[in-house]
Amino acid sequence: MSLRQMEYFLTVVEEASFTRAAEMLHVTQSALSHQIKALEKSVGGALLERMPRGVRLTPMGRAFRPHAELAVRSAAQARRAARAAAGAEGGELHVAALHSVAVGILPDVFARWRTAHPGVVLHLHEYATTEVLEEEVARGTADLAVGPPPRDWSGTVVPVGQEDIVLVVPFDDRFAGRTTVRLPELADRPWVRCAMEPVVEGERFLDWACGRAGFRPRTAVFTEHTSTAVRMAAAGVGVCTAPSYIVSGAVGDGCVVLSPDPPWRRALTVFSRVPPTGAAEAFVDLLRLTRPTTAPAGPPDRPADICATATAQGGR
């Protein structure tokens, strides 16, 4: 079995057609069929079921597919890593990130990168949760990931800063003249929640935090993205939590930002399967300069570390 045969197999699966796959791969259909048959012979059985219109995976094919995907991605990553080791002035770099990080942090970093390293093509892969982010990086989708500290990670993890989690309310809110608020003061308020909310000890972050403060949050609306939740909060639908860097991008100066007392923070890291070299290492260095690392306030059992704890079990 060869890497090329696995690439051919995956293309046939993605296109659901030998004809379209052959066109995509710039080979004849007979040559493609020959390579697939050779692959099936090497694994000991049929991987694809030929249908009158298209193809579908056999049980063996379904079992084989994720391993083939990993092998192909790992080979691509190996090529990128080898080229990157020669320096940061050529090739490409695949970066994975949570959606909020991609929107709130990476645009400025990417802009600086393009000025410093115009010869390196950047590919951004965005994910909704930390769990999916970790899975995709483990599968080799990207060279490195930017997000909260991963769970049980066997590769490299580099701290690059922290996220301050804030509360968003409209200009006419009764707390609009303040800069901080304690969570129990919000016990009577409706909340705008996000589907990307982290999970702590089996509970959504806000349920867990408010429960420790002695009340259950009353949800007004659930949104898919943090930026949407911020806009809803600015319009007066309810209070929402969000990383501070998301707020200005979502509504500019069109809301009031309150800091929880004690503050809520979570760590921001870069993690990868292998130690970053070349272009990847240069990207980590640039990100660390952009997001200086500071220590969270308060002892570990106080709310200051809530979001650091939360990221061990979920993502925003």
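# A walk through the predicted model

Select residues 29-43, helix H3. The 15 residues of this helix should span 21 Å at 1.5 Å a residue, and its end C-alpha atoms lie 21 Å apart, which agrees. The expected span is 1.5 Å times one less than the number of residues in the helix. Helices (H or I, at least four residues) and strands (E, at least two) are DSSP runs, numbered from the N terminus.

Before going on, note that this is a predicted model, in which local features need pLDDT of at least 70 and side-chain atom pairs count only at pLDDT 80 or more, while totals for chains, interfaces and linings use all residues. Residues are numbered from 1 along each chain as its sequence is written, and side-chain values use heavy atoms, with hydrogens and water left out.

Buried means under 20% relative accessible area, exposed over 50%, and partly exposed in between (1.4 Å probe, protein chains only).

After H3 comes Gly44, with a positive phi near 90 degrees.

Select Ala16, in the loop between helix H1 (3-15) and helix H2 (18-25). Ala16 is not a glycine, yet its phi is positive, near 55 degrees. Its relative accessibility is 30%, so Ala16 counts as partly exposed.

Next select His26, in the loop between H2 and H3. His26 is another residue other than glycine with a positive phi, here near 60 degrees. With a relative accessible area of 72%, His26 is exposed.

## The nonpolar core

Which residues touch the most other members of the largest nonpolar core? Select Val101, Leu106, Val146 and Phe283; the core holds 47 residues. A nonpolar core is a set of buried Ala, Val, Leu, Ile, Met, Phe, Trp, Tyr and Cys residues joined through side-chain atoms within 4.5 Å. Helix H11 (residues 278-290) supplies the largest share of this core, seven residues.

Centre the view on Val146. Leaving out residues up to four places away in sequence, its contacts (heavy atoms within 4.5 Å) include Val95, Val101, Leu106, Leu133, Leu268, Phe283 and Leu287.

## Cysteines

Select the cysteines. The whole structure has zero disulfides, a disulfide being a pair of cysteine sulfur atoms within 2.5 Å. For Cys240, the closest cysteine sulfur is that of Cys255, 8.1 Å away and too far for a bond. Cys240 is buried at a relative accessible area of 0%. Cys210 also counts as buried, at 0% relative accessibility.

## Salt bridges

Side chains of opposite charge can pair when their charged atoms come close. The structure holds 15 salt bridges, each a side-chain nitrogen of Lys or Arg within 4 Å of a carboxyl oxygen of Asp or Glu.

Start with Arg174 and Asp188, whose side chains form a salt bridge at 3.0 Å, N to O. Arg174 sits in the loop between strand E6 (156-169) and strand E7 (180-181), and Asp188 in the loop between E7 and strand E8 (190-194), so the pair ties together parts that are 14 residues apart in sequence. Arg174 is exposed at 51%, and Asp188 is partly exposed at 48%.

Move to Glu185 and Arg178, a salt bridge with its closest N and O atoms 2.9 Å apart. Glu185 is partly exposed at 30%, and Arg178 is partly exposed at 32%.

Then select Asp207 and Arg193, where the closest N and O atoms of the salt bridge are 3.3 Å apart. Asp207 belongs to helix H8 (residues 205-212) and Arg193 to strand E8, so the pair ties together parts that are 14 residues apart in sequence. Are these two residues buried or exposed? Asp207 is buried at 13%, and Arg193 is buried at 2%.

## Last stop

Select Asp261 and Pro262, which are joined by a cis peptide bond with omega about 0 degrees. Pro262 lies in the loop between strand E13 (256-260) and strand E14 (264-272).
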